[in-house]
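Here are my notes on this one, written for someone opening it for the first time. Have a look at the model, then read on.

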Amino acid sequence: MPNKNIRDAINETLKLEMRRDPRVVVFGEDVVGGLGGSSGIEEAAGGTFGITTGLAAEFGRRRVLDMPITESAIIGMAGGAALTGLRPVAELMFIDFIGVCFDQILNQIAKFRYMFGGKADVPLVIRTMIGAGMGTGPQHSQALYNVLAHVPGIKVVLPSNAYDAKGLLTTAIRDNDPVIFCEHKAIYTESCEVPDESYAIPFGQAAITRTGKDVTVVALSRMVLLANAVADRLAKEGISVEVLDPRTISPLDTASILASVAKTGRLVVVDECNPFCSVASEITSLVACEALSSLKSAPVKVTAPHTPVPATPHLEQLYVPSPAAIEKAIRATLAG
Amino acid sequence: MLSPSRLHIPRAPARPGEAPDFSYLQLSAAGAVPRPEITVNASEVTGLATQLVRVLDNTHQAVGAWHPHLDPAELQIGLRHMLLTRLFDERMQKTQRQGRISFYVKCTGEEAVSVAAAMALEPHDMLFPAYRNQGLQMVRGQPLVALMNQLLSNTGDMCKGRQLPVMYHSSAARLFSISGNLATQFPQAVGWAMAAAIKGEEHIAASWIGEGSSAAADFHHALLFASTYRAPVILNVVNNQWAISTFQGCAAGDSPSFAARGPGYGIPGLRVDGNDFLAVYAVTRWAAERARKGHGATLIELVTYRASAHSTSDDPARYRPRDEAERWPLGDPIERLKAHLCVLGEWSEPRHTALLEELEAQVTVAWKEACIFGTLSEGPRLDPALMFDDVYQHLPPHLAEQREQLRAARAAQGKG
Ligand SMILES: Cc1ncc(C[n+]2csc(CCOP(=O)(O)OP(=O)(O)O)c2C)c(N)n1
């Protein structure tokens with residue numbers, strides 16, 4: 001099976017879905033790139049991170065639209081277009097820009113189906129880039145998926161590897177509810193085996209990325225990579241860590257989390273977001289409410305501090321949950 | 001008979017491999033555009049939104065009603081600021097390439113837009129820049145070391161390591177903090193201007209936005225408020241033809257210009273040659289006087305060209321012809337002012353070379369000094385405890401606790 005990185009897996013999925021269904025369209029800023037000259041596809045910029053490279057060349061400029069820089073309009077019009085039966089994949093360059101289009105998401109797109117008495121499908125995907133690690137500072141490094149997961153009516157997807165990115169994006173595009181697809185900017189080049197053909201991964205199904213019996217580590221997005229590495233290291237010491245990647249946080253695979261904790265009796269949650277009202281809090285509360293009796297020690301949350309993201313790499317490194325912090329948390333649950 | 005509705009999908013005039021094409025640009029001859037009274041109503045001067053105010057003609061003479069009649073000494077100062085801006089940009093770009101700073105944004109070709117405007121304003125007027133207005137920082141005398149410290153995110157950084165490089169600010173120099181999220185400065189500038197008027201102050205505000213960013217709702221809200229309250233503010237759209245890979249026509253739509261957005265809101269819109277130092281100076285003076293005398297806001301479109309990449313993370317060869325910058329019909333702002341000064345007999349090649357050397361040395365000295373405050377790889381580093389400051393006025397208990405946890409964790413690793 002070929003190796004592909006997350007960036008290429010997403011690009012390939014967009015192509016496959018656009019070939020499969022003419023209703024799939026791509027909207028966003030700088031998504032077309034340099035198309036139009038004699039440059040050929042290779043030179044076409046295709047998004048500031050190259051994710052949409054080649055789409056306009058293959059599917060034409062009616063299905064891949066560069067839009068003026070106004071996210072409130074891009075997301076609002078994509079919502080309107082979705083109601084007509086088009087299946088837009090709208091790009092919100094950085095999730096931080098949700099500030100300017102949140103009304104369309106919160107009060108419109110998320111609630112269309114409900115408010116219209118169930119008469120409308122909203123097959124809209126919002127692809128967006130999340131996370132710290134690239135020195136992009138307080139306005140371009142937030143994760144914020146917890147804010148979206150709080151809103152009923154939208155689904156929130158957090159792929160941590162290329163295989164999942166492809167299968168989850170396929171599901172997202174075929175889903176009739178609005179989906180926010182959160183790509184972590186610091187892991188685009190992470191690669192793994194990804195089949196060429198199309199496949200779908202259902203939402204609400206966690207993946208166990210490391211099997212273990214001593215402690216359950218639920219990790220989100222890029223944090224899965226860190227948790228896996230820590231688990232591998234601790235395995236050499238005889239500490240058996242189970243790493244669980246929920247893959248979607250809305251819906252959340254609560255059954256798999258509870259089953260894992262029932263087995264290990266210990267829980268660590270690793271979440272890059274700010275801790276207050278976070279997915280980490282949600283998962284620990286789930287376990288406290290539903291599985292208190294299986295807990296051998298208090299759950300530990302490993303998160304960013306409750307501050308904005310600093311830009312300078314030296315501080316940013318201290319800001320993001322580190323392998324050392326994850327290891328410390330695991331040891332704490334084992335000691336307790 | 002009904003027919004299917006149609007969509008217009010705008011096309012850039014030229015993409016890589018094609019010949020640059022600026023035939024879409026409406027140009028006026030130098031001196032051809034009238035200069036109205038500052039009391040004029042927007043509806044009386046709608047023509048100014050599509051013509052192009054120019055002062056410097058093809059023989060490098062200053063002509064027409066907009067000629068600001070500046071002292072040659074002032075022009076020499078303008079040239080110095082523009083040159084310093086360009087040299088600073090070049091050097092910082094190089095340091096980014098060497099991995100010594102993480103990110104940089106040049107304004108090459110757009111120096112007059114910021115330098116002439118800042119010189120036309122009073123030191124107490126409040127400026128709300130976008131990220132490509134470093135000329136404002138130069139005119140307002142921001143020390144190069146302060147700018148470099150911000151770029152280095154080091155112990156001398158005014159932002160305490162918190163903001164992306166180039167997001168400078170200075171309350172002393174009355175330069176508002178630059179935002180990574182576009183367009184927010186426009187309503188803020190209007191708010192500042194309204195507040196100044198409410199408090200009875202004589203200062204005005206000015207803000208700059210890219211033509212691409214003018215698509216944002218904030219731009220439109222700002223114009224409406226500026227119009228409704230006749231706020232003492234100057235709103236500048238820097239039309240450098242490109243917003244990353246998207247050409248200006250995407251944000252313009254079928255409007256003939258960005259200045260033409262003004263009259264729709266009841267605000268005069270002036271379109272000006274952004275590479276003509278004298279023209280930029282003159283229209284800014286006009287707008288400033290209008291604002292100061294209570295006649296309200298002005299929208300200025302500065303027609304210029306982004307000769308550099310969008311940022312150090314961008315490669316424009318992927319979306320526009322390689323030789324587009326060379327074909328830009330409005331030339332280079334530095335070369336044009338230099339030529340004008342030479343025609344006046346107030347400048348010469350030897351003086352130019354000497355100035356370049358002096359400014360290069362100034363940048364070199366400043367860089368050495370800035371590095372003492374720390375670089376990405378060497379020297380002192382910001383105290384991690386700083387991460388918890390300034391989230392609120394007073395450090396709340398939960399942040400005090402998190403700060404202590406970080407300190408303890410670092411101490412356990414033998415750091416800090
Ligand atoms: C709200 C928001 N949307 C998108 C971006 C990403 N972005 C940064 S700069 C830029 C292009 C801006 O172009 P323009 O306003 O023309 O200014 P220029 O870079 O040409 O000076 C874009 C899309 C952003 N920073 N903030």
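1. Ground rules. This is a predicted model, where local features need pLDDT of at least 70, side-chain atom pairs count only at pLDDT 80 or more, and totals for chains, interfaces and linings use all residues. Residues are numbered from 1 along each chain as its sequence is written, chains are lettered from A and ligands numbered from 1 in the order in which they are written, and side-chain values use heavy atoms, with hydrogens and water left out.

2. The sheet in chain B. Helices and strands here are DSSP runs numbered from the N terminus (helices are H or I with at least four residues, strands are E with at least two). Two strands pair if DSSP finds at least two bridges between them. In chain B, 5 strands make an open, parallel sheet in the order β1-β2-β3-β7-β6. Its edges are β1 (126–128) and β6 (269–273) of chain B; each has a single partner strand, so one side of each is left without a neighbour in the sheet. From one strand to the next, the twist averages 20°.

3. A closer look at that sheet. Strands β2 (residues 205–210) and β3 (residues 233–239) of chain B pair in the parallel sense over 6 bridges. A205(B) has V233(B), in β3(B), as its bridge partner. Helix α5 (residues 185–198) of chain B lies across β1, β2 and β3 of chain B and runs at about 170° to β2(B). For such angles, axes are lines fitted to C-alpha atoms (for helices over the stretch in contact), and angles run from 0 to 180 degrees between N-to-C directions. Contact means heavy atoms within 4.5 Å.

4. Side chains of opposite charge can pair when their charged atoms come close. Buried means under 20% relative accessible area, exposed means over 50%, and partly exposed is in between (1.4 Å probe, protein chains only). E327(A) is buried at 17%, while R233(A) is partly exposed at 41%.

5. Where does D390(B) find its salt-bridge partner? The partner is K160(B), 2.9 Å away from N to O. D390(B) is in the loop between α11 (349–372) and α12 (397–412) of chain B and K160(B) is in the loop between α4 (144–152) and α5 of chain B, so the pair ties together parts that are 230 residues apart in sequence. D390(B) is partly exposed at 48%, and K160(B) is partly exposed at 31%.

6. Another pair in chain B. K338(B) forms a salt bridge with E349(B), with the closest N and O atoms 2.8 Å apart. K338(B) lies in helix α10 (residues 333–343) and E349(B) in helix α11 of chain B, so the parts tied together are 11 residues apart in sequence. K338(B) is buried at 9%, whereas E349(B) is partly exposed at 46%.

7. Backbone angles worth checking. Most residues other than glycine have a negative phi, and most peptide bonds are trans. The bond from S250(A) to P251(A) is cis, with omega near 5°; P251(A) is in the loop between β12 (248–250) and α9 (254–264) of chain A. V166(B) has a positive phi, near 80°, and is buried at 2% relative accessible area. D390(B), from point 5, also has a positive phi, near 65°.

8. I208(A). This residue belongs to strand β9 (residues 207–210) of chain A and is partly exposed at 41% relative accessibility. Leaving aside neighbours within four places in sequence, I208(A) is in contact with E242(A), V243(A) and L244(A).

Conventions: A salt bridge is a side-chain nitrogen of Lys or Arg within 4 Å of a carboxyl oxygen of Asp or Glu.
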